[in-house]
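Welcome, and please load the model in your viewer. We will go from one selection to the next and look at what is there.

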Amino acid sequence: APPAAAMFKGATAGEPVSLPFSDDFSGDSIFPSSARWTDMQVFINNTYSVRQPSAGMATLDCLDEQGQLYSGASQSVFAADHLSSRAIDLQYLPADSLFLSFWYEAGGVADLPEENDSLTLSFWAPGEEKWYSIWRAEGRKTNGFEHVIIPVTDPRYLMNGFRFRFTGYASLAGIISEPSQAGNADQWNIDHVLLDKDRSVHDTVIHDVALTLPQRSLVKEYEAMPWKHFRQAYLSAMSPVTKVSYRNNDTIVRNVTRHVTITDMSTNAVVRDFDAGASNAEPLTDIKYDAPLLYTYNSASSADTAQFLVTVYLITDDFDPKQNDTLRYIQRFSDYFAIDDGTAEAGYGINGQGTHNAMAALRFRSFIPDSVTGISFCFNDAYDNANQRAINIMVWADDNGRPGILLGSTAGPTAAPGGEINGFVTFNFDKPVKVTDNFWIGWRQESEKYLNIGLDLNTAPAGRHFFHLSGEWQESQVPGTIMMRPVMKGSGSTT
């Protein structure tokens, strides 16, 4: 996590805030807003679910704000993430009809909490300086996001300094049988938190049209790729559409206009700007629209790297909330290829008897002759660092859609997580490995332990992920993309 985040850990409630207290977690930060919340433990994201009512959610899991497992993580149920509000001025009467509402989801695309795990809500009584348990959800599968609305009528809460807190209770499975497989788990997603007066128990509708799923790369195969490679293959590499996903959460038909802007970040110049048409959105309906793009990235910069900011926004009724009508995506052209989106919702590994020399490989395509200088990995934090084992990093040629001849390898690096949330570590080859066209990167392990490498569940492997066991390469059936990326030399292959 960025160093600045450390200052918020254990922060006090601060100056009380006024009603309404609301948050739909649609900001750009991975941490909760300090204008509303006092701790930084939950992960603000848009990838742990595909059923969010609007872009952004707060995910409670087993990791702290540094991306590390809590020191008290165990096989028994323990208190993991907290999401605590700032002090709120709640000097009202019971007749003012105060309600706290929120939407929650168990697991999302990640790990479903077990029966003994739970998500709880507590209220702080300022006069007594005491927390009271108010609501609890046990680990079970939810039908997407479910709505909860709770009246706040007890005089012990109707005071200046009231607070509320969500707590995720989790348990690590497999600590005894396979500690390296015991990592982040038991996710709860929260969205659209609202505390306000003049409400009723029937106030269950979000009167809002909002973007939902995250924006994706406008390059067909990759989330990121070297600029020199893209400039060689731009005609075939560029996607013909921009995907726009949004939802009408209201109970009436709403008219929506889609708009796309692309900015060259090297010059801050807008290079493409267009309306993607308007249409009526039916009530309580998800819409997925492919906006024709008719554009290929082209930068005025002469550097070997480029970045473009893709901004997608909706034009809706004047009375519609605007904070979740815009999504931003940075298209990066640097010195590496990436298929994954940078967020690990799960873990991947090969373990058990006979896996001492097991291998895993992911296919990439080099559009110009080039060399792989190293491989960047995103390893998950595992219980007692049990997945920190030696590996060999490897590059193979392609053999009819499978890893073929070994082109280069380096022994010795130890699998270890990066120093931040979803952080990558890069292991370099002793000598750059020359590649052309399709090639494979991966590892050979030196133990039978589960390496617990990050698994991105929001991008499809599309036949590019293989593993080697019992003398042959087999296509992996695991959904998602293992998070490893080839780092390229960028100056072409040399003799």
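In what order do the strands of the open four-stranded sheet run, and with what pairing? The order is β15-β14-β17-β18, and the pairing is antiparallel. Keep in mind as you look around that this is a predicted model.

**Stop 1: the four-stranded sheet**

Select residues 269-281 for β15 and 326-333 for β18. These two strands stand at the edges with a single partner strand each, so one side of each has no neighbour in the sheet. On average, neighbouring strands of this sheet are turned by 15 degrees against each other, direction ignored. To find one end of a bridge, click on Arg254: its bridge partner in β15 is Ala281. While you have the strands on screen, remember that in a regular strand the side chains alternate between the two faces of the sheet.

**Stop 2: Tyr297 and its surroundings**

Next, select Tyr297 and Phe308. Their ring centres are 4.5 Å apart and their planes are at 35 degrees, so the pair is tilted; a stacked pair would need planes under 30 degrees apart, and an edge-to-face pair over 60. The two residues are 11 apart in the chain: Tyr297 is in the loop between β16 (285-292) and β17 (306-315), and Phe308 is in strand β17. Are these two residues buried or exposed? Tyr297 is buried, with a relative accessible area of 3%, and Phe308 is buried too, at 0%. The reason is that buried means under 20% relative accessible area.

Show the contacts of Tyr297 beyond four places in sequence: among them are Leu218, Trp227, Met238, Ile262, Val310 and Phe333. Tyr297 is also one of the residues with the most contacts inside the largest nonpolar core, along with Phe377 and Trp443. That core has 64 residues. Apart from it lies another core, of 36 residues, including Val17, Ala58, Tyr132 and Ala137.

**Stop 3**

How many aromatic pairs does a search of the whole structure find? It finds 35. For a group of rings, select Phe21, Phe25, Trp37, Phe102, Tyr104, Trp135, Phe164, Phe166 and Trp188, which form one aromatic cluster.

Two arginines are worth a click here. Arg156 lies over the face of Tyr132, at 4.2 Å from the ring centre. The charged end of Arg258 sits over the ring of Tyr289, 3.7 Å from its centre.

**Stop 3: the three-stranded sheet**

Move on to the open sheet with the order β12-β13-β16, where the pairing is antiparallel. Its edge strands are β12 (209-211) and β16, and each pairs on one side only. Neighbouring strands in this sheet are turned by 30 degrees against each other on average, direction ignored. Three bridges hold the antiparallel pairing of β12 with β13, residues 241-248. Look for Ala210, which stands opposite Arg247 in β13.

**Stop 4**

Finish on Asp456, whose bridge partner in β27 is Thr481.

Conventions. Residues are numbered from 1 along each chain as its sequence is written. This is a predicted model: local features need pLDDT of at least 70, side-chain atom pairs count only at pLDDT 80 or more; totals for chains, interfaces and linings use all residues. Side-chain values use heavy atoms; hydrogens and water are left out. Rings of Phe, Tyr and Trp (its six-membered ring) pair if their centres lie within 6.5 Å; planes under 30 degrees apart count as stacked, over 60 as edge-to-face and the rest as tilted. Buried means under 20% relative accessible area, exposed over 50%, partly exposed in between (1.4 Å probe, protein chains only). A charge sits over a ring if NZ of Lys or CZ of Arg is within 6 Å of the ring centre and within 35 degrees of the ring normal. Two strands pair if DSSP finds at least two bridges between them. Axes are lines fitted to C-alpha atoms, for helices over the stretch in contact, and angles run from 0 to 180 degrees between N-to-C directions. A nonpolar core is a set of buried Ala, Val, Leu, Ile, Met, Phe, Trp, Tyr and Cys residues joined through side-chain atoms within 4.5 Å. Contact means heavy atoms within 4.5 Å.
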